[in-house]
Amino acid sequence: MIKLFKKRWMLFDQVVKPYKPYVTVDYGIMPVSPSDIIGLSLPVSKVRNGDKLKELRNSVEQKGWKDDCPADLHLYRLPNGKYTVASDGNHRTFLSNQLDVPKIKAMVSLLIPENYIPENIKAKVEEYENKEQTYRSEAEKIHKTLQNLGIKQKNSKEEVAFKNYCKLTEDMYHKRQHTLLGLARFLNLLPNEAGT
């Protein structure tokens, strides 16, 4: 059933402005009620009048609502419990709201305003980010060296160093994520579906 009234959509920048500056932390793929999504990353006119929406509507009419690729619908969850499209998924968001779909699956990131973050946590997160950037930079340098060496240098010391820097980069990313998710849990910013 199509809704008779029009939802008033906000643009991403309008929605996140009250929370700036902020950080985000990936939460994962989860079901979200389209009625809780208040922002789009594209102007409504581009979403409503595009061919992509017509194609999506035709697909839904023929096959029903499918969440085949929920990672392509990226939402930020705001501290007030509402959501905004962060990058991709504007058309699915718009149409699911029009069709009154009860739940859609999306990749959700939690938005945490920096003024919510205690100084000790800020310092820890910044340390992880700096180390991650340093390790990534070193891995990229070594990767270029490996490309120049070619196949002849398999299992070289450079290859071992490259793998180690990649692992260190990943470790710092996970430490940052873990720290911010712990803070979000403490601040009661996790979605209700999380069963906090």
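Visitor: Leaving aside neighbours within four places in sequence, what is I121 in contact with?
Guide: I121 is in contact with T179 and L183, once neighbours within four places in sequence are left aside. Contact means heavy atoms within 4.5 Å. This is a predicted model, where local features need pLDDT of at least 70, side-chain atom pairs count only at pLDDT 80 or more, and totals for chains, interfaces and linings use all residues. Residues are numbered from 1 along each chain as its sequence is written, and side-chain values use heavy atoms, with hydrogens and water left out.

Visitor: How far apart are I121 and L183?
Guide: They are 62 residues apart in sequence, and their C-alpha atoms are 8.3 Å apart in space.

Visitor: Where is I121 found, by helix? Buried or exposed?
Guide: I121 is in helix α5 (residues 119-149); helices are DSSP runs of H or I with at least four residues, strands are runs of E with at least two, and both are numbered from the N terminus. I121 has a relative accessible area of 16%, so it is buried. Buried means under 20% relative accessible area, exposed over 50%, and partly exposed in between, with a 1.4 Å probe and protein chains only.

Visitor: And T179?
Guide: T179 lies in helix α6 (residues 157-186) and counts as buried at 13% relative accessibility. With neighbours within four places in sequence left aside, T179 is in contact with I121, K124, V125 and Y128.

Visitor: Changing topic. How many aromatic pairs does a search of the whole structure find?
Guide: Four. Rings of Phe, Tyr and Trp (its six-membered ring) pair if their centres lie within 6.5 Å; planes under 30 degrees apart count as stacked, over 60 as edge-to-face and the rest as tilted. In one of the pairs, the ring centres of W9 and F94 are 6.2 Å apart and the planes are at 35°, so this pair is tilted.

Visitor: Which parts does that pair tie together?
Guide: W9 is in the segment before β1 (10-11) and F94 is in helix α4, so the pair ties together parts 85 residues apart in sequence. W9 is buried at 11% relative accessible area, and F94 counts as buried at 6%.

Visitor: What about Y22 and Y76?
Guide: They form an edge-to-face pair, 6.3 Å centre to centre with 75° between the planes. Y22 lies in strand β2 (residues 22-32) and Y76 in strand β4 (residues 74-77), so parts 54 residues apart in sequence are tied together. Y22 is partly exposed at 23% relative accessibility, while Y76 is buried at 13%. Ring pairs also link F12, Y22 and Y76 into a cluster.

Visitor: Now the largest nonpolar core. Which residues touch the most other members?
Guide: Of its 31 residues, V32, I37, L40, L75, Y83, F94 and I112 do. A nonpolar core is a set of buried Ala, Val, Leu, Ile, Met, Phe, Trp, Tyr and Cys residues joined through side-chain atoms within 4.5 Å. Strand β6 (residues 104-113) gives the largest share of this core, five residues. Apart from it lies another core of eight residues, including F12, Y76, L78 and A86.
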